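Dear colleague,

Here is the structure I said I would pass on. My notes follow it.

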Amino acid sequence: MEPEEDNIYENLIEQLRPRLRELIVVEQVLDHIHFIKADQKDQIRQKERTEGNPMAANLLISTVIKKPREPGWFQAFVDALIQAGCGHAADYMQGKLPEPEVEAENDYCVQLIQILSPSLVDMNTAQVCLHCHASKLLTQEDSDIVKAETANRGPKGGARELLRRIVRGRPGWFSEFLNVLRETEHKHLLHQLTGGPPDNDKQDEKLSSLKDEPSGSGTATEESTAGAESCDSPESVDISMTTETQEEAAELYKGENTDSTQLPNSSEPSQPDGTDSEAAAGCPEKADIVLRDYQMEVARPALEGKNIIICLPTGSGKTRVAVYITKKHLDCRRAEGQSGKVVILVNKIPLVEQHYSAEFLPYLKHTYKVERVSGDSQLKISFTEIVKKNDVIICTAQILENYLERSNKGDDEGVHLKDLTLIVIDECHHTQKGGVYNHIMMRYLKQRHKNKRLQKEQKKPVSLPQILGLTASPGVGGATKMDKAEEHILRICANLDASKIMTGNLGEYKKELDKIIVTVEDRKEDPFGDVIKKIMNAIHTHAELSPTCALGSQNYEQWVVQKERTAATEEDQKVRVCAEHLRQYSEGLQLSNTIRMRDAFSFLNKYHEEERKRKTTPDDEDIIQITNTERFLFKLFDENKDELEKLAENPEYENDSLSKLRTTILREFSSRKEGRGIIFTKTRRSAIALSQWVQENPKFADIGVKASHVIGGGDQSVVKPMTAAEQKDVLSKFGNGEVNLLIATTVAEEGLDIPACNFVIRYGLVTNEIAMIQAQGRGRAEDSSYTLVEVKGSGVAEKECVNEYRKTMMHKAIDKIRALPQADYEKKITEYQIQAIMEEKVRMVKKKQKELKNENPSDLKFSCRGCSKNVCSGEDIQIIENMHRVNVSSQFSNLFIRRENTTLQERLLDYETNGFIACKDCGQRWGSMMLYRGIECPCLHVKNFVVASNGKKISKCTKWSELAVKFSAFDYAEHASRVAESSDDDDEEEEEETK
């Protein structure tokens with residue numbers, strides 16, 4: 001049985017634990033303590049390296065008091081503290097407690113150093129270190145460590161280490177430090193710490209004023225502002241509005257209880273040379289980040305290391321808040337001697353460059369290494385290396401997910417979540433089922449719940465990054481009732497593991513848009529539309545089809561698509577071809593209600609030209625069959641073509657929506673000194689056509705309208721996509737004023753920062769409340785307006801009212817969630833997380849079962865969608881880079897013809913595509929011709945075929961992923977040798993011919 005005094009000592013240490021964590025320097029104490037085993041010391045040192053001194057001190061204390069204990073353990077611990085230079089900690093252990101007033105004064109001195117630390121590091125470190133050692137503020141060991149830190153990380157790194165060590169001294173260190181600054185002629189630092197001229201000894205008065213205020217009060221920060229603002233250091237921060245800076249800096253100096261404020265940790269160092277902060281000294285950064293009150297309020301929990309969602313209106317500076325949090329996060333970790341690794345995730349390629357160039361690089365480039373990566377980048381090194389070599393990486397979410405999956409499969413070229421310390425998720429309302437954000441966060445949640453089990457088993461958990469979500473509108477997920485709206489938002493919070501969802505009162509910065517809804521009248525006459533409908537009815541009669549919905553409506557389009565699929569499966573080419581043409585005429589009707597009739601006619605005319613071209617071969621050697629139905633359809637268009645073209649040029653029959661849009665644009669530009677606006681429209685085709693309409697209209701040119709369009713970069717549409725470079729070029733011109741009217745699809749709704757935009761028009765486009773809020777937020781200038789112009793059949797006015805109702809419901813739901821007791825909130829979040837994890841497990845089981853049921857490739861048969869000709873079996877198909885399905889049969893080339901692709905030329909690292917392949921019999925496009933590492937490979941697009949599995953035709957198959965079959969990997973060596981042999985044979989034949 002242990003002596004009673006050992007229990008007293010144990011209780012004393014437990015009571016002093018928070019204070020001792022602040023004052024103990026673990027590495028030095030371990031060198032002088034001999035009753036702890038070597039393996040335990042290694043564990044403590046590892047803790048210090050990965051989680052910082054406070055956590056390591058905590059483990060050291062637990063190890064010291066752990067039973068059984070050696071006789072004399074308490075005195076040995078005290079002696080070790082004294083020998084290690086931790087005399088202040090030893091005083092507490094021996095009951096030599098300072099008077100409360102002295103302790104409070106000392107605490108305020110520590111806080112003052114912490115508040116001003118970003119500018120105090122601007123010192124002559126070697127000189128100050130020498131004088132601090134002479135004044136016994138630093139021990140010899142302390143001095144050696146500061147010198148080593150200076151050599152490794154530069155003078156500022158050494159200064160941070162010096163400040164960390166002097167604040168652990170016995171009361172009185174502050175006055176001694178002021179004397180050191182006087183002796184070393186650091187007048188500007190002395191001025192900041194005393195609030196007066198360098199020769200003014202009023203620090204006692206200063207401390208009295210500090211003691212009168214509670215920690216984090218406005219007075220304390222205001223007292224120190226004058227000095228902080230005068231500092232030109234790139235690392236100085238605005239003190240006047242950061243009321244939580246003391247807590248944040250306390251973490252930086254390991255002085256606070258870190259149970260709540262300890263930042264997540266990474267096992268990977270970021271910059272081994274540590275020279276980046278020193279490089280900043282000679283090159284000032286962009287002005288220091290100054291947050292508004294509401295921005296600082298929403299940032300506070302994140303500065304404490306908590307996972308949160310920041311929900312602020314578009315244009316209120318969410319990204320700037322994220323930059324501030326990123327910088328403070330990295331500053332804290334660097335001050336702790338730990339590496340920081342921040343990844344900013346976005347969901348659109350243009351946002352990568354925007355966040356990099358406009359926000360993160362200007363504020364961080366002189367202190368940290370910042371890089372951006374997107375699918376559009378031509379990387380010289382792998383993403384894994386980019387993560388290793390940089391502190392801040394801005395990338396599209398899919399890239400991170402790809403490399404997380406690589407690491408999951410044991411690939412060396414992967415990235416682990418534990419490698420990161422902070423993930424910022426832009427437009428985080430997309431963190432829902434099926435989205436790439438959610439795939440990343442599902443990995444996070446699984447590990448988080450595994451960590452709970454590991455902690456129960458007293459095993460070391462895997463470190464996870466802090467999560468920061470940014471959104472203007474989480475939405476309500478289609479909810480019609482408040483409880484469902486709350487559930488939707490709570491699920492997003494759960495998916496992001498958010499401890500809180502933060503909103504702010506913008507006060508004077510709140511913008512109220514002038515909102516206008518413009519209604520339109522039906523055409524009195526629509527002869528252009530009547531001719532199109534006459535053609536469509538003739539096709540209905542020919543194909544014996546009887547639609548039950550209005551021609552050109554959304555329901556009609558769905559009906560036509562279904563008819564085409566059914567006919568293709570049943571090999572009814574008459575109905576299939578008619579359905580294809582009906583779909584084009586239906587779109588022509590829709591276009592005539594949205595854009596000019598001439599643009600609708602141009603669309604239909606171009607379609608028929610392309611169809612005719614499909615029926616001819618490039619060299620005219622092969623004859624492509626034309627069916628009676630196709631002849632009927634071509635003749636039908638030819639018979640009505642002249643009439644359509646003539647009607648399209650008559651402005652009398654133009655749709656009223658275009659007239660109202662013209663009036664709106666003219667009003668916006670003529671009523672402003674400098675107008676700059678965005679028109680959102682539904683389709684790529686309408687965006688391009690509206691841009692041409694504005695450019696060709698002299699009335700717009702007279703008032704200085706300069707229009708351009710920006711559309712998406714995906715290849716899902718038949719309209720040629722925009723490359724990221726093209727998008728960037730247009731947005732750049734819009735930003736500098738070369739373009740002042742942007743016509744855009746929804747690609748510009750989210751995230752794109754266009755500060756000078758002062759009006760937004762949604763032209764016949766309303767989706768959900770999130771899109772409405774995002775679009776309204778594009779108008780960021782003062783006196784911005786928001787106009788909704790109706791288009792026939794769109795129902796936009798009614799949908800907008802519904803969205804306004806949902807927006808109100810969303811804000812009420814967020815308020816109710818924020819009002820929940822934290823325990824109730826966390827319980828709901830945990831329930832939703834467990835549910836999400838279980839659903840993911842079920843999904844993975846089903847996926848594995850599906851993989852187990854993989855069909856044999858030989859069971860699949862592919863026939864041409866255009867003529868039902870048998871093309872190949874699954875045995876003839878191999879897969880390149882787990883993505884491209886190519887036909888490797890030597891006979892396949894006899895079945896297709898090649899056409900040039902004039903609209904799309906894609907060049908990637910190992911392959912390129914610049915031509916189509918099409919059926920030799922009917923001209924149906926089958927796919928593209930790839931050049932893969934010098935070998936031509938016909939790449940198939942499954943949507944162009946009818947697929948049969950074991951003799952049963954699959955009615956809908958538009959993606960390869962819908963087929964439960966695993967194709968063999970492309971054997972490059974085999975095909976390369978086959979090509980070489982073929983080339984040799986050709987050479988021999990040529991030689992024979994020349995003999």
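In strand β4, Val 392 is the bridge partner of Val 370. The two strands concerned, β3 and β4 (residues 392–396), pair in the parallel sense over four bridges; a pair of strands requires at least two bridges found by DSSP.

The model is predicted, with local features needing pLDDT of at least 70 and side-chain atom pairs pLDDT 80 or more, while totals for chains, interfaces and linings use all residues. Residues are numbered from 1 along each chain as its sequence is written, and side-chain values use heavy atoms, without hydrogens or water.

The sheet

β3 and β4 belong to an open sheet of seven strands, paired in parallel and ordered β3-β4-β2-β5-β6-β1-β7. β3 (370–373) and β7 (500–502) are the edge strands; each has a single partner, so one side of each lacks a neighbour in the sheet. From one strand to the next the twist averages 15°, where angles run from 0 to 180 degrees between N-to-C directions and axes are lines fitted to C-alpha atoms, for helices over the stretch in contact. Helix α19 (residues 318–335) lies across β1 (308–311), β2 (342–346), β4, β5 (422–425) and β6 (466–471), and runs at about 170° to β6.

Helix α3 (residues 38–51) packs on helix α4 (residues 53–65) at about 160°, with 7 Å between the axes. α3 is therefore roughly antiparallel to α4, the term for angles over 145 degrees. Residues in contact (heavy atoms within 4.5 Å) include Ile 44 and Lys 47 of α3 and Leu 59 and Leu 60 of α4. This contact divides into five nonpolar, four polar and three charged residues.

Helix α1 (residues 4–23) also packs on α4, at about 170° and with the axes 10 Å apart. These two helices are therefore roughly antiparallel as well. Among the contact residues are Ile 13 and Leu 20 of α1 and Ile 61 and Ile 65 of α4.

The hairpin

Strand β21 (residues 925–932) has six of its eight residues buried, that is, under 20% relative accessible area with a 1.4 Å probe, protein chains only. β21 pairs with β22 (residues 935–940) in the antiparallel sense over six bridges, and Cys 939 is the bridge partner of Ser 928. Two residues lie between the strands of this hairpin, where Arg 933 takes a positive phi near 50°.

Regards

Terms used. Angles under 35 degrees count as roughly parallel, over 145 as roughly antiparallel, 65 to 115 as roughly perpendicular and the rest as oblique. Ala, Val, Leu, Ile, Met, Phe, Trp, Tyr, Cys and Pro count as nonpolar, Asp, Glu, Lys and Arg as charged, and the others, Gly among them, as polar. Buried means under 20% relative accessible area, exposed over 50%, partly exposed in between (1.4 Å probe, protein chains only).
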